[in-house]
Each structure stands twice: as C-alpha cells, then as structure tokens.
Amino acid sequence: NVIQELMDLDKKHFLHPTSPIKQQQDHGPTFIFTEGKGVMLKDMAGNTVIDGMSSLWNVNVGHGREELGKVAMEQMSKLAFSSCFATYSNEPAIRLAAKLAQIAPGDLSATFFTSGGSEANDTAYKLARHYWILKGQPNRRKIISRTKSYHGVAMGSTSATGLKPFRDFINSFDPDFCYADHFSTQDLREVIESEGPETVAAFIAEPVQGAGGLHVAPENYFKEVRSICDEYGILFITDEVITGFGRTGKYFGIEHYGVTPDMMCFAKGVTSGYAQLGGVMLSEKIHQDFTELSTGTLLHGYTYSGHPMACAVALKNIEIIERENLIENAEIMGSGMLKGFRWIQGERQIVGKVKGLGLMGGIEIVKDRKTNERFQTPVAPIIVTEAAKRGLICRSVVFDNQDTVVFSPPLIINKEEMERMIDILHDTIAAVEAEVLI
Ligand code: PLP
C-alpha cells in the first residue's frame, strides 16, 4: 500500500533534520502528515492529533488558512521572484519592512531579510562585527550567548548555541563565541571582564529559552542585561525566533521585560510557517550609524533576502494575528495552559516544576518532587511518544540533564481544545507514571 511505500522511500532516501538517525532507519516516520486544520493535524492513516507544538513553535495562526495560500498564489502568479540586491526592490518586502518597524519594540526600524532563524542569527553576528569595524573598534568581535540557548544550525548560530550536544556534533567552530550562565547577570559581567570588554561585540539571548527546556528569565534579568551592555558599550541582540509574533502573549517576548534591544532576530511566526522567512531588525541609531559610516558595500545577502512571496504571506499572516486578536488569545489561553499544568501537578507525582509564558509552556518530570531527584533514564520522551498515540503532539527536552515536556500550541487554540490537550496530557502522564514508579 501507499503508506508502506512511502515509509520505505522515507527510510531509504530522506535524511531527516534533527532526528535520531538510527531509530529513523529502523522504524521510519511515525506520522506522514497530509492535512492540517486549526490546531489539528491529520496523517495518511487517518489519525488526527492536536498540534501542541505549532509544529516547530511556528504555526501561530494554525493550519489550513486558505487566505495565506491565496496570497502566495497571487504573488507567485504576478511576481514569484526578483532580486533585492543593491538598488532592486519589491512591494511586499518594502511594505513588510515598514509594518515590522510599526510593531517592533522601541526604535527597531530597519530589517534585513533572510529565509529563516539560523540565517537571521548569523546575519546579526556579522552585522554586529561589521558595525564595530565601521566604528573604528575592530577588536570588538566576540559574541556572548547563554548556556541552554538555541540559536540555530548555521556555523555562527551553532557556535552561539549554548546547548553542548549541538556543539559536540562537530569538532570545529566559528571563533570568538563565549557563553554566560543563562540566568546570572553576575556571570555575564564576569565573562565580559575576563574576555576584555573591548573585545566584545554583542550579547545575544532568547527572551524565553525554548528548545533549551523552556526557561523563562527572572523578572529583572533583561533590565540588568540592558544596563550591563550599555555600561560596556556592547550591542544587545534578542533572538525572537520563537517568542515573536504573539507567542508569549505580547507581540515580542522582550516586551515583558520593558527593555529594547539594539538588534532583534525573528523567523517562524512571521509567516506562521506558510513560507520560509526570517530577518534581523536594527535600531534606528545602529541603522543610521551604518548608513553614515559605510563607504563600501554591505557584503552580506542571501538570494532569497526579501522574497516577494514570503513577504506577501508574512503581511497577510500579521493581518490575521491582529484581526483575530491572537496575541490577547495567547495570553488568555496561556494562563489556562499553566493552570492546567498546575492541576496535573496536583494530581500526578512525577510532575515537578511547571512553567510558561503565554503559549510557551513546560513541565519538568521528577522522580521525587521534594528532592527534585530525576529518573536515571529521562521519562519525558516516553510521555511524548505515548501522548502522540493518544492524539497530542508535544516535545521532550533532555539536554543538560533535563527531563522536560514542552508545549507551544497555535495561538488560535480555544478553551475546549486547551481542555482536551490538558486531559490527554494528564491521562498520558498517569499511564506513564504507573509504569515508571513501580
Ligand atoms: N533561534 C531560536 C530561538 C530557535 O528556536 C530556532 C529554531 O528553532 C532558531 C533560532 C533557528 O531557526 P531556523 O530553524 O529557522 O533556522
């Protein structure tokens, strides 16, 4: 049958991104998805599941939005592609850059477009380094990121990624990357001092760490970061690849902390995954310095920087987010999700700390809640597998001795769907708990 044929072809020919290669070879894909509608996904075998992750934290407006397909088709029929290099431009890219300037925090006002988040982060590092060359401080080349951070898989963004397994995957990196503790501003200060402040170009942080295990920064963390960066003259970059476009209950995650970065990276939710797009925004001041000091060419650009179709889709996606008040819904449903996690925590012994901001949430799995002792073998991956069988997609994080299940459902999720998600999760944890506690 067709499913078996596709399973065999997948195993033989498809090298999956970020996947356990041996398991993939032995078992093939667990789902071959064919359709999506709202928060639901359907596979070839006819199973339907709640997409509790918005796929890869990105399908913010939910699946099956015909108006996004229509806008993509119209743009592709009119002008599928043209260059944005040098003096060429196109209307969707111009209008999207202007719209982003309107919705971004503070004076972030100029956008460099990429095709995704890894490229956005690599672009930010290069622009930060070039900025300091223009400013006559070429020694400022180091990029400080945080432990438990995830910034993508291009060479620069891999080097910035604090999660060690991603760096251990290869044996050579971009030079001039260093790491500070993910929650300690004292450690950030010490890293800056020990590296030499005059050698540091920028500090980059996710407002909420997603792939690294759902870590919400302490309340004053980013205010202190901003003032440390100002004190040492270091650029502050936020990586809003997950936290942008309403995910946390505000347009951008950093807004929870009342500070503005000098540069901001985005991707994912800008198109809700309907097209490949990312970018970096610069503050008005940095942009002005660039234009005033630069005498040569900005020698950084991707073929698809400012892709007309992707930009047209992004504009329509943002229109939907605003029209349907999805940011407000993320805030309301996010507190419902956290309440649901707390209820499960009260019911089930193996649930430790629960955490979240807006529609990003996580539950830590523990053997003993009092001592925070972990299971020898992580249990979160078992929960993820069992939840999928019961109709819920979620994700496990086991890096750095963590044992956490994380969630990021579409921003359109309603009360009933949230209750269903929490019920499935509870039943799954109850079943797994009965197995692992004996
Ligand atoms: N930055 C963050 C915070 C991310 O979570 C991701 C992807 O998950 C990236 C960057 C990389 O983005 P992409 O996979 O689009 O290259």
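Modeller: The expected span of a helix is 1.5 Å times one less than its number of residues. Please keep in mind that this is a predicted model.

Biologist: What span does helix α6 reach from its first C-alpha to its last?

Modeller: Helix α6 covers residues 117–134, which is 18 residues. At 1.5 Å a residue the expected value is 26 Å, and the helix comes close to that, reaching 25 Å.

Biologist: How many residues of α6 are buried?

Modeller: A residue counts as buried if 20 or more other C-beta atoms lie within 10 Å of its own. By that criterion α6 is mostly covered, and of its 18 residues the number buried is 13.

Biologist: Which residue with a positive phi follows α6?

Modeller: The phi in question is near 75 degrees. The residue that carries this positive value after α6 is Gly 136.

Biologist: Which element gives the most to the shell around the ligand?

Modeller: The ligand is surrounded by 15 residues, and the closest are Gly 116, Gly 117, Ser 118, Gly 152 and Val 241. By class, the shell has 5 nonpolar, 8 polar and 2 charged residues. With 3 residues, the element that gives the most to this shell is α6.

Biologist: How far apart do the C-alpha centres of domain 1 and domain 2 lie?

Modeller: The domain assignment gives domain 1 as 31–61 + 325–436 and domain 2 as 67–323. The distance between their C-alpha centres is 28 Å.

Biologist: Which element gives the most to the side of domain 1 that touches domain 2?

Modeller: In this contact, 26 residues of domain 1 meet 25 residues of domain 2. On the domain 1 side, α3 (54–57), α13 (326–347), β13 (351–357), β14 (360–365) and β17 (404–407) each supply at least two residues. That side divides into 13 nonpolar, 10 polar and 3 charged residues. Its main contributor, with 5 residues, is α13.

Biologist: Which residues is Val 280 in contact with, leaving aside its neighbours within four places in sequence?

Modeller: Beyond its sequence neighbours, its contacts are Phe 112, Ala 120, Thr 123, Ala 124, Leu 127, Met 263, Met 264 and Cys 265.

Notes: Residues numbered from 1 in each chain as written. Predicted model: local features only at pLDDT ≥ 70, side-chain atom pairs only at ≥ 80, totals over all residues. Helix = DSSP H or I, 4+ residues; strand = E, 2+ residues; numbered from the N terminus. Buried ≥ 20, exposed ≤ 12 C-beta atoms within 10 Å, placed from the backbone. Domains from an automatic or database assignment. Contact = placed C-beta atoms within 7 Å. Nonpolar A, V, L, I, M, F, W, Y, C, P; charged D, E, K, R; others polar. Near = placed C-beta within 6 Å.
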